[in-house]
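The following paragraphs consider a helix packing and then a pocket.

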Amino acid sequence: MKKTFLIALCAAFCLALCGCDEGNTPDNSSPSSSQNAEGPSGPAGGSDGDETLSVKEKTDKLLAEVKFPSMIEVEADELNTLLGIDKADVSEFAAYTCPSGAAPDEFGIFVAKDAEAAARIKDALDKRVQSQYNTFESYTPDAMYRFDDDFVEVNGTTVIYAICDNNETAKEILK
């Protein structure tokens, strides 16, 4: 019994370590990361950036241009659990996080139903970033540089955030 438990524990540990190996990005042939209760993405309104790009296109561009560990998309039903966001506040979104929790990397773009919802989303993301900071400060101090220029920003009803190797590029793409 102990041997079986130890084998299972070792396997889980190996999966956790391999889950966030540097340089791997998700296969974007899976269902759109910007789908939610309303369906696939369209143009991301309320943004200063290139409004011709959809939420999905911005996400795909970010995944292609910035180095991330392996990432998984956050589904609509996971918004509250993972990020503290009420899915009723969101009309469209795309968010990714490191599945094993071994790295603090994550990002998202959220189009809120209205300005009040955008403020609630920003507040939730500010709390999430602070929580991640507190967790990784003692867990993996060598990853703390990713928080040097992390951001949570609101423009109209669009809220963007990122914690990654290149937050400046992430911000430009997500705007």
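Helix α2 (residues 55–65) packs against helix α5 (residues 167–174) at an angle of about 160°, and their axes lie 9 Å apart. Angles over 145 degrees count as roughly antiparallel, so α2 is roughly antiparallel to α5. The crossing of these two helices, α2 and α5, is right-handed. On the α2 side, Lys58, Lys61, Leu62 and Glu65 take part, meeting Thr169, Ala170, Ile173 and Leu174 of α5; contact means heavy atoms within 4.5 Å. By class, this contact of α2 with α5 comprises four nonpolar, one polar and three charged residues.

The model is predicted: local features need pLDDT of at least 70 and side-chain atom pairs count only at pLDDT 80 or more, whereas totals for chains, interfaces and linings use all residues. Residues are numbered from 1 along each chain as its sequence is written, and side-chain values use heavy atoms, with hydrogens and water left out.

The largest pocket holds about 180 Å³ of space. A pocket is an open set of points, on a 1 Å grid with a 1.4 Å probe, having protein on both sides within 12 Å along at least five of seven lines; lining residues have an atom within 4 Å of a point. Of its 18 lining residues, Thr97, Cys98, Pro99, Gly101 and Arg128 lie nearest the centre. Elements giving two or more residues to this lining are β1 (72–73) and α4 (115–139), with α4 supplying the largest share, five residues. The lining of the largest pocket divides into nine nonpolar, four polar and five charged residues.

Definitions and conventions. Axes fitted to C-alpha atoms, helices over the stretch in contact; angles between N-to-C directions. Helix = DSSP H or I, 4+ residues; strand = E, 2+ residues; numbered from the N terminus. Parallel < 35°, antiparallel > 145°, perpendicular 65-115°, else oblique. Left-handed = near helix turned anticlockwise from the far one by under 90°. Nonpolar A, V, L, I, M, F, W, Y, C, P; charged D, E, K, R; others polar. Points joined across faces, edges and corners; volume = space filled by probe spheres on them.
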